[in-house]
Amino acid sequence: MSHSLNATPLQALKARALKGIARVPGDKSISHRALMLGAMATGRTSISGLLEAEDVLNTGRAVTALGCPARKVKGSWEVIGRGVGGFSQPSQDLDFGNSGTGVRLMMGLLAGHDVRVRLVGDASLSRRPMRRVLAPLRQMGAEVEDDKETLPLTLKGSSDLIPIEYATPVPSAQVKSAVLLAGLCANGETTVVEREATRDHTERMLRHFGADIRTAKRDGGMAITVCGDVELEGRNVIVPGDPSSAAFLTAAALIVPESEVTIEGVLVNETRTGFYMTLREMGADVAFLNQRDEGGEPIADIRVRHSRLKGVRVPPERAPSMIDEYPVLAALAAYAEGETRMDGLAELKVKESDRLAATATGLQLNGVSARVDADSLIVAGGGVRGGGMVATHMDHRIAMAFLVMGLGSDRPVAVDDVTYVSTSFPEFRGLMEKLGAAFETPK
Ligand code: S3P
């Protein structure tokens, strides 16, 4: 089944200029990590700007069920941590809904605790591969009942975890993070070697909480080492705006003539900004203004003006730094002059949906010539006819990418279900409407 029982279809109408200043909600990756590391620290961690979307709220419920209450207090969130190794046996299953990050990072933490926990998720998450995380965690001493490799599954942790050195076979921040978080609870030094740099929020935040963590160049990539059995202390965390959410507003302003939008306080950590680099190569007028540091991460205000874009080739090595932005880049590429070719997209097939197939099909349904060639997506530019109903497959980013595409097409672009937008960006529709976009229920 491609959507929930209460699917809510929506369509975007052709927009006139989008104008204004906006703020997007907190970064999803950093929000998950703040709750989890807060739980592993002793005492109170206070988090401002936490993303209050379903994925992150599920992580908050999980740490609460493990004995580390997370709740909102006067506009900020706080977690009362019980120190590394401090989780207690939960009395219920832990439900991560739609979130791969939530469940995979939590598997890392649970691996180092003497608990037996059943992990569940929705139909999308239950199809996604967990072996990539479970394989190293098994090496460290965790057990999975019935050797399952997809949810639902029961993980049995160990308070006597073995430190390992692990070379990640896929470029994945979730795999790296799960092993590093397990390493926190292991007795000795755990090292992850990654060939291609992926987002480094776990490393930055571990450091912020007082962990002993080192990085060194190794084999053309990077070795990241964390020392186990440390004490982390509760801290204040400031969560910057999510560049992956800002990408939808940015793309909308580029598509709609005469638009000018500024998005304030967005994370611009270079492990996350491949999309913006690509836009510049396409000829987009996108500027990072007021660059500054906040809470150990670089942030900026992103100013974007409608631009005539040209097609480009996006190299495979850029994929990790823009992995969540390919659907919206493809939507944008449909408006560019000439072809855009995106290479090295194997990982897109195992996201909340098979994003490679979902994106190509959605484009074709709306009169855009697009094709998948092995791990590449090729989109012919020249404009969008619209008029199609796109299957979102329980995937928030597919829904948002195609609604954005519809802001520039002659006929509306519809998506079959917008309910999953609330997993990462509940404010999407409201923010877009404030800038001048219009959506309606398809007839
Ligand atoms: C994330 C890592 C990426 C990304 C996801 C968030 C993270 O997944 O797609 O949205 O917070 O670590 P992979 O690790 O599977 O590439």
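1. Which residue has a polar side-chain atom 2.6 Å from an oxygen atom of the ligand? That residue is Ser172. A quick note before going on: this is a predicted model, where local features need pLDDT of at least 70, side-chain atom pairs count only at pLDDT 80 or more, and totals for chains, interfaces and linings use all residues. Residues are numbered from 1 along each chain as its sequence is written, and side-chain values use heavy atoms, with hydrogens and water left out.

2. Two further polar contacts (pairs of N or O atoms within 3.5 Å) are worth a look. Asp324 places a polar side-chain atom 2.7 Å from a ligand oxygen, while Ala173 has a polar backbone atom 3.1 Å from an oxygen of the ligand. Taken alone, the ligand exposes 390 Å², and the protein buries 95% of that (Shrake-Rupley areas with a 1.4 Å probe).

3. Now for the surroundings (residues with a heavy atom within 4 Å). The shell includes Ser29, Arg33, Thr101, Arg199 and Lys351. By class, the shell has 3 nonpolar, 4 polar and 4 charged residues; here Asp, Glu, Lys and Arg count as charged. Helices α1 (28-40) and α5 (173-185) each supply at least two of the shell residues (helices are DSSP runs of H or I, at least four residues; strands are runs of E, at least two).

4. Where does the ligand lie relative to the domains? Domain 1 (10-26 + 240-440) and domain 2 (28-238) both give residues to the shell, so the ligand lies between them. The bounds come from an automatic or database domain assignment.

5. Finally, please look at the loop between β8 (143-144) and β9 (153-156), which holds Pro152. The peptide bond from Leu151 to Pro152 is cis, with omega near -5°. Asp146 is in that loop too, and has a positive phi of about 60° although it is not a glycine.

How values were computed:
Polar contact = N/O pair within 3.5 Å; in protein donor to acceptor, adjacent residues only side chain to side chain.
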